[in-house]
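Visitor: I'd like to go through this model with someone who can back up each label. Can we take the terms as they come up?

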Amino acid sequence: MARSRSGTRGRRGPRKPPRRTGASVAGGVATVDASERGAIELPATITVKELAELLVVSPADIIRELIKSGIFATINQLIDRDTASLVAEELGFAVAEPQDASASEDEEGEGVPAEAAKEQLWDESGEDEKDLVPRAPIVTVMGHVDHGKTSLLDAIRSTTVAAGERGGITQHIGASEITTKDGKRVVFLDTPGHEAFTAMRARGARVTDIAVIVVAADDGVMPQTLEAISHAKAAKVPLVIAMNKIDKPDANPDRVKTELAEAGVVVEDYGGDTPLVPVSAKTRVGLEELLEIILLVADLLELKANPKREAVGTVIEARLDKGRGPVATLIVQTGTLRVGDAVVAGNTFGKIKALENSAGKRIPKAGPASAAVVLGLSDVPEAGDILRVVPDVMIARAQVEQRKNAAAAQAGAGSGRATLEDLYRQIQAGQAKELRIILKADVSGSLGAIDHALAQLSSEETKINVLLEAAGEITDNDIMLATASNAIVVGFNTGITETARRAAEAEGVDIRRYDIIYKLTDDIDAALKGMLEPEIVEVVEGRAEVRQLFKVGKTAVIAGCYVTDGRIVRSGSARVWRGGKVIVTDKIEGLRRFKDDVREVAQNFECGISLAGFNDLAEGDVIECFTQQARSRAGL
C-alpha cells in the first residue's frame, strides 16, 4: 500500500545518495548539478515557484515530486519546510537542518514551520531499519447499509455493540482492537460507510491498510457495495470480501461472485486475486478464516513502524463531551503516544491529559497501530486530522497559528483540482498521464454506451480511469470521491443534488454534464490529447548557399551566404551539405547582415554565418537551418 511521506525532519534514516541532474535546460529553466550545490537552507513555508527558483530547476520537477507523495499542488501553492526538504532531497540536493524552535521564533518571529494543509503521514522507508518492528494491520470494514458490517465486528469482538445502536445502523465511527488465539493483533475501523473512509482520505489521511467489503449472501452486490469497492480501489487498498449471512436459506454465493466479477472484483474461486471468505455473524462460521486471511494479506504488506519515535496518528472521530471537554478517538500509526505529550491535530493543540484504550480503560501510552481515546485538546479536531507530538505546548500553539495562516494563503491560491480546461497546463507541469472520472448517467444502458466510447479514447500513453460509474443523479458522495482522488465528475442526462452542487463549489470539483454522447467524448478526447507529451518535431527553417569565405583570426571562418529558401535564424541548428551528403551538424553561433548582428535573415538576402564548432566550410556548401519544436498532439 502506498503511503504519503512524513514531514518530520531529523528523525528519518539515511538519505538517498544525491541524484546527478546534470546541466540541462528544462522548460526554459537551466538546471544544475545538484551535487555541486551546498546545503540548501529552506524557510518555514515556500511556494512551489520559489522552491524551483531556489533549486534552479523547473517548477514541473517540483510538482512531479509532490504528486509522488500524493500532494497535488499549483505553482503558487505554499508548502511547508519538511515537504520542501523531501522534494529537494528527491531531486538530489542536500538540505540544511532547520534551526531549533526557539531560534526560529527569535529570528523569524513566526515560531516553528507550518505543516501542509493536507498533511502527509510518515514514510517508514525513511526510518532506520533497526528501529522498525512489525505492527498490526489497520482494517476498515465497509459495505451496504444493512449487510451486517457491525454485526460481523460484534461477533469478532464478542461484544454487543450492534444491539445498542438505533435501528441496527452504525451511528458513529468506532475503532477497536482484537487479539487472535496466536497473539496477533488486528485493529478494526467500523465506519458508517465509505463516506467517512473517503472523507478522511480527502483530508490527506492514509489510515487503512486493508479494506473488508461485507456483502450479504442473500442480497448480493448493492449500489453502496459498488461505491465502497470504488472508494477502496481509488485508495489503492487491498480488498478482502466477507460474504456474510451465509447461513440464510436463500443465500446464493455464486450470484455474489458473479456480481463481484461484473463490478471488476474477481475472487480467487474465479481465477482472480481477491480473497472471499463465507461468514456468518449470527452462527460465527468463518470468522477465524476471515482473520487468517486478513493477517495473511498483512504479512504480504510487511507492515512496520518505529515505536521509539514521537507519535503520528489520525483522528477517527471527535466530539465535545460536557464533562470531559474535547474527546478524540485516533489511530496511532507510528511512534508511541504518552500521557503528558504536547500534540498538534489539525487546527487544534493541547497536552495529553489522559489516554483510554478501545475498551475504555485508562492507559499510560499507546504504541503503533493502537486505537486510543485522547483527552486534553484545546478544541474538537476534525476526522482525518493528523495528530503529531511536538516538543512543548508553546510550540504547538505557534504551529497551529502558522498553519492557519498558511491555509489562508493557500486558499487564495486556488484548490488545484483537476479540470478539463486546466489539464493542458497541469500536464505541462508534470502531472500524471491519467484522467480520473466519476461517471453518473440516467440509466445503466447509457453507462454501457459511454464506457464503450471512452474505451476507444485510452491509449498506451494516456489512460481514462473511471473510478465509479452508476445510474442516478450526482450526489455529495460523488463529490467526496472526486475530492479525494483529484477526479472530474461527468453526468449524462442526469441531475445534481443541491448539497452536491455546494460541495463541488467549496472543493473546486469540476462537474461536466452532457445530453449528447459525442459531445462528452469530444471533450474527453481533447483533454487526453492535451495530456500527451508534446511531440518533438524538426522544422527546417531555410537553406543558404556558401558563396565566399572570410577568415577571422587564426581559425574562425565566416561564410558569406545567400539565403535560397525560407530563413536562417541565429538560435537554430545547422546541417552542412556537400555533394548531396551531410558532412556535419552544428549550431549557428553568429548571424550578420553587413556589420550588424541579426536574429534572422529571410530568403533572397545575403548574410554572414559562423558555426560554433566547424570551420572547414567550402564554397558551394549548403547550410540547412533547422529547429526542434514541441507540437501538441491535439488535432492529429
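Visitor: Which elements of the protein have the lowest and the highest mean pLDDT?

Guide: Helix H4 (residues 101–108) has the lowest, 36, and strand E32 (residues 606–611) the highest, 95. pLDDT is the predictor's confidence in each residue, from 0 to 100. This is a predicted model, where local features need pLDDT of at least 70 and side-chain atom pairs count only at 80 or more, while totals for chains, interfaces and linings use all residues. Residues are numbered from 1 along each chain as its sequence is written, and side-chain values use heavy atoms, with hydrogens and water left out.

Visitor: What is the average pLDDT of the protein, and where does pLDDT stay under 50?

Guide: The average is 78, and 77% of the residues score at least 70. Over residues 100–120 the pLDDT is below 50, though the model gives that stretch 54 contacts beyond near neighbours in sequence. Residues 159–173 also stay under 50, with 26 contacts beyond four places in sequence. A contact here means heavy atoms within 4.5 Å. Where pLDDT is low, the predicted coordinates should not be read in detail.

Visitor: How many helices and strands does the protein have, and what makes a run count as one?

Guide: There are 15 helices and 33 strands.

Visitor: What makes E13 and E14 a pair?

Guide: Two strands pair if DSSP finds at least two bridges between them. Strand E13 (residues 312–321) and strand E14 (residues 325–334) have 9 and run antiparallel, so by that definition they pair. A hairpin through 3 residues joins them. E13 also pairs with strand E21 (residues 386–390), again antiparallel, over 3 bridges. Val-312 has a partner in each: Thr-334 in E14 and Arg-388 in E21.

Visitor: Why is Leu-66 called buried?

Guide: Buried means under 20% relative accessible area, exposed over 50%, and partly exposed in between (1.4 Å probe, protein chains only). Leu-66 has 1%, so it counts as buried. Leu-66 lies in helix H2, where 7 of the 10 residues (59–68) are buried. Among the others are Asp-61 and Glu-65. Leu-66 and Thr-83 are 17 residues apart in sequence and 8.2 Å apart in space, C-alpha to C-alpha. Across the protein, 51% of the 636 residues count as buried.

Visitor: Why is Ile-293 called partly exposed?

Guide: Its relative accessibility is 22%, so Ile-293 counts as partly exposed. Ile-293 sits in helix H9 and touches Val-240, Pro-275 and Val-277, leaving aside residues up to four places away in sequence. The C-alpha atoms of Ile-293 and Pro-275 are separated by 7.4 Å, with the two residues 18 apart along the chain.

Visitor: How do you know that the buried residues of H1 line one face?

Guide: The buried ones in helix H1 (residues 48–55) are Val-48, Leu-51, Ala-52 and Leu-55. Seen down the axis of H1, they fall within an arc of 100°, so they line one face of the helix. That arc is taken from the directions from the helix axis to the C-beta atoms. They pack against strand E3 (45–47), H2, strand E4 (78–80) and helix H3 (81–90).

Visitor: What makes a set of residues a nonpolar core, and how many residues has the largest?

Guide: A nonpolar core is a set of buried Ala, Val, Leu, Ile, Met, Phe, Trp, Tyr and Cys residues joined through side-chain atoms within 4.5 Å. The largest has 25 residues, and Leu-152, Ile-156, Phe-188, Val-212, Leu-290 and Ile-294 have the most contacts inside it. H9 gives the most to this core, with 7 residues. A second, separate core of 21 residues includes Cys-561, Val-576, Leu-591 and Ile-623.

Visitor: Buried or exposed: how do Ala-369 and Arg-284 come out?

Guide: Ala-369 has a relative accessible area of 0%, so it is buried. Arg-284, at 45%, counts as partly exposed. Ala-369 is in the loop between strand E19 (365–366) and strand E20 (370–377), and Arg-284 in the loop between strand E11 (276–278) and H9.

Definitions and conventions: Helices (H or I, at least four residues) and strands (E, at least two) are DSSP runs, numbered from the N terminus.
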